[in-house]
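Hi,

Here is the structure I promised to pass on.

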Amino acid sequence: MSLKISGIVEFIRMHRDEIMKDWIDRFNKADAQSISAESDQIDQAIAAEYVNILIEWSKNKEDEFSRKIHEFSKRIVQLDWPMDKIAQCLHTFEKILFAKLLEKQIPGDPLELLSEIEKVTSPVNREVFLQYTSSYERTINLQKMALQELSAPLIPVFDSITVMPLIGTIDTDRAKRIMENLLKGVVKYRSEVVLIDITGVPVVDTMVAHHIIQAAEAVRLVGAKSLLVGIRPEIAQTIVNLGIDLSQITTKNTLQKGIEAALEMTNRKIVSMGERR
Amino acid sequence: MMKTSKIPILKLYNNLLISIQWELDDKTAMQFQEDLLKKIHETGATGVVIDLTSVDVIDSFIAKILGDCVNMSKLMGATVVLTGIQPAVAITLIELGIELEDIHTALDLEKGLELLKELED
């Protein structure tokens, strides 16, 4: 078996320039709209490296080889090509190689030949796609983290009054985080009143309302009071139309009114210091 | 068989102070309920503060006992305030659907006593 594989590798080495030329030509034809001198050069370099790796496949020790593939794949990912372009590109190479092998009338069953080609190219291809997916996953995870950081901030505004402004849609995961942050914050800042500001929440459905009610309930258990502020007219409409009972929670239409109410609850108020100059 | 440990109940002027320092098991909780009511009867206290700062877990049974304590004490003319419920405990209670409605809560012992004073006025 391995004899056949090394035979193919040998074949690639011998007909290297030919194959590469065909490959790049074919690829550029398919990609006719977006040809530029620069990308052409990159294509050439990448193609050369790919072929080199395939050739060295048999010579190198296993781990060294996999390290090489790894580096190569990383470089490809850095080019930031769309994945389908890479897939097409690699597939084209296999097709060309197969055509060349047939052309030179290498003895053997074509089907077997195909499977041998696949054996030569698949470790490299696999690694390339692995790198691609892991780079995508990394991006997604980073964004997820960024989102989480933004998801539930708690701001102490006065002594024993804190505000949690919520922006964007609330799902179950986020609601959980909101509740945790809210309660931890209440204990940490020793707040008596927390204001949950939903000005930036586009939709309040039964689920969101349920989460808010639960959060308010939990806040009460911890020993503080919660106010729901920033209820826009359309939100009020949805809440009533859905038959959600928010009567247990004090609500205000703006954060400003909420703060005034919160100050009142803690026996304070903001007074003006006489004439404004 | 585990020995049931008694929870100390302290009297401070007209109030009773109870700090629960470890996880309550069912038996201790029942014993506590009995002791508390007896103490209210003896002292004629008008306020009770139960501090749960050191309690990390409350199950539905303990929650029910605590709720019962509150209602029973109310019948005997004493207002109960639960203080220092930990965030994690609050979340668990809510998730279990135990809302402990009509129960006074406060952030800590100090605020609990203030609240009692306010309620008395």
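**What turned up**

A:Arg126 sits in helix α6 (residues 110-151) of chain A, where helices are DSSP runs of H or I with at least four residues, strands are E runs with at least two, and both are numbered from the N terminus. A:Arg126 is exposed, with a relative accessible area of 59%; exposed means over 50%, buried under 20% and partly exposed in between, using a 1.4 Å probe and protein chains only. The C-alpha atom of A:Arg126 is 9.5 Å from that of A:Ser73, 53 residues away along the chain.

Before the rest, some housekeeping. This is a predicted model, so local features need pLDDT of at least 70 and side-chain atom pairs count only at pLDDT 80 or more, while totals for chains, interfaces and linings use all residues. Residues are numbered from 1 along each chain as its sequence is written, chains are lettered from A and ligands numbered from 1 in the order in which they are written, and side-chain values use heavy atoms, leaving out hydrogens and water.

Now chain B. It has 4 helices and 5 strands, running β-β-α-β-α-β-α-β-α from the N terminus on. Its radius of gyration is 13 Å, close to the 14 Å the globule rule gives for 121 residues, so chain B is as compact as a globular protein of that length (radius over C-alpha atoms; the rule is 2.2 Å times the number of residues to the power 0.38). Of those 121 residues, 47% count as buried. As for charge, chain B carries 10 positive and 20 negative side chains, and the centres of the two sets lie 10 Å apart (Lys and Arg are positive, Asp and Glu negative, with His and chain ends not counted; the charge is placed at NZ of Lys, CZ of Arg, CG of Asp or CD of Glu).

B:Asn15 is buried, at 12% relative accessible area. Leaving out residues up to four places away in sequence, B:Asn15 touches B:Leu10, B:Ala45, B:Thr46, B:Gly47, B:Leu113, B:Leu116 and B:Glu120 (contact means heavy atoms within 4.5 Å).

Last, the cores. In the largest nonpolar core, of 69 residues, A:Ile198, B:Ile18 and B:Ile50 touch the most other members (a core is a set of buried Ala, Val, Leu, Ile, Met, Phe, Trp, Tyr and Cys residues joined through side-chain atoms within 4.5 Å). Helix α8 (residues 206-222) of chain A gives this core its largest share, 9 residues.

Cheers
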